[in-house]
Amino acid sequence: MFSSILSAIPDAGEVSGELSKALSLILSFLGSGEGSPTNALNGLLSGMSTSQTYFLAGVSLVFALLGCFFGYKLSRLFMTITGFFAGLILGAIVGINVLKASNGIVILCAVIGALLLSIFAFKIYQAGIFLLCFFLAFTVSVNVIPLQGTILLFVCVVIGFVVGTLALKYVRPVIILVSALTCAYSASRHMMVLGPLTGLAFFKESYAKLAIFAGLFLLGTLIQFVTTRDEDSGRKDKKRR
């Protein structure tokens, strides 16, 4: 299982990460014209220089490690960020498919959608939980399931919906497990991108990807369970008193 997951991790020279792959899959259904926003964004993702790739990998690594070790504690922050990206995508969908607008209007719709949904995810806790776990499960599923096109999108949406729904009932364990798994996976990818810069021979070993992923996942899960408490149980205990 773990080896199949880590086999999807790219080599150090690969630019696109798990988020860009998820976005590309979604954007592929939004339009395909020569001057469409879809092609413009895909061109931006694939046209990054090596220094830009390293910078993006470094920033992403920081967020991935925070999510891996403090995902439950920082759930509000990550809910807001998730709402922002979800709103960005939904706003783009409205601009492209509903309004049939130009690039400028599509960008405006995306920004408005991002702002509205990020506020919504922050203010309404249950909606934020669902969005966060849906997004995390969807993103990692896109990268590890060996399917393509519409079938892959459908399967990943179903997985995201199931995980998001479970999170509404079992908030703490689901957020901890999903954030540790997803962020350990993401962090291992970015470490493999940045690894050659350290000059360490470890990153050239065939088992490096698996070792990093497994270690971060187990450590992140343990730290989160030890350093957090079940807020719902706490509330029940107060009621009994």
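Visitor: At what angle do helix α9 and helix α10 pack, and how far apart are their axes?

Guide: In this predicted model, α9 (residues 171–194) and α10 (residues 208–227) pack at an angle of about 150°. Their axes are 8 Å apart.

Visitor: Why is α9 called roughly antiparallel to α10?

Guide: Angles over 145 degrees count as roughly antiparallel. The angle here is about 150°, so α9 is roughly antiparallel to α10.

Visitor: Which hand does the crossing of α9 and α10 have, and what makes up the contact by class?

Guide: The crossing is right-handed. The contact of α9 with α10 has 16 nonpolar, five polar and two charged residues.

Visitor: How do α5 and α6 cross?

Guide: Their axes come within 6 Å and cross at roughly 145°. α5 passes α6 in a right-handed crossing. By class, this contact has 15 nonpolar, seven polar and two charged residues.

Visitor: What makes V94, V98, L99, I105, L108, I112 and L116 a nonpolar patch on the surface?

Guide: Patch residues need over 30% relative accessible area and no salt bridge, and nonpolar side chains are joined within 5 Å. These seven names form such a patch, therefore each meets those terms. Together they have about 630 Å² of accessible area.

Visitor: Which helices each supply at least two residues of the patch, and which gives the largest share?

Guide: α5 (75–98) and α6 (103–123) each supply at least two. The largest share, four residues, comes from α6. L108 is found in helix α6.

Terms used:
Residues numbered from 1 in each chain as written. Predicted model: local features only at pLDDT ≥ 70, side-chain atom pairs only at ≥ 80, totals over all residues. Heavy atoms only, no water. Axes fitted to C-alpha atoms, helices over the stretch in contact; angles between N-to-C directions. Parallel < 35°, antiparallel > 145°, perpendicular 65-115°, else oblique. Left-handed = near helix turned anticlockwise from the far one by under 90°. Nonpolar A, V, L, I, M, F, W, Y, C, P; charged D, E, K, R; others polar. Patch = residues over 30% accessible without salt bridge, like charges linked within 9 Å, V, L, I, M, F, W, Y side chains within 5 Å. Areas by Shrake-Rupley, 256 points an atom, 1.4 Å probe, with all protein chains shown as cover. Salt bridge = Lys/Arg side-chain N within 4 Å of Asp/Glu carboxyl O.
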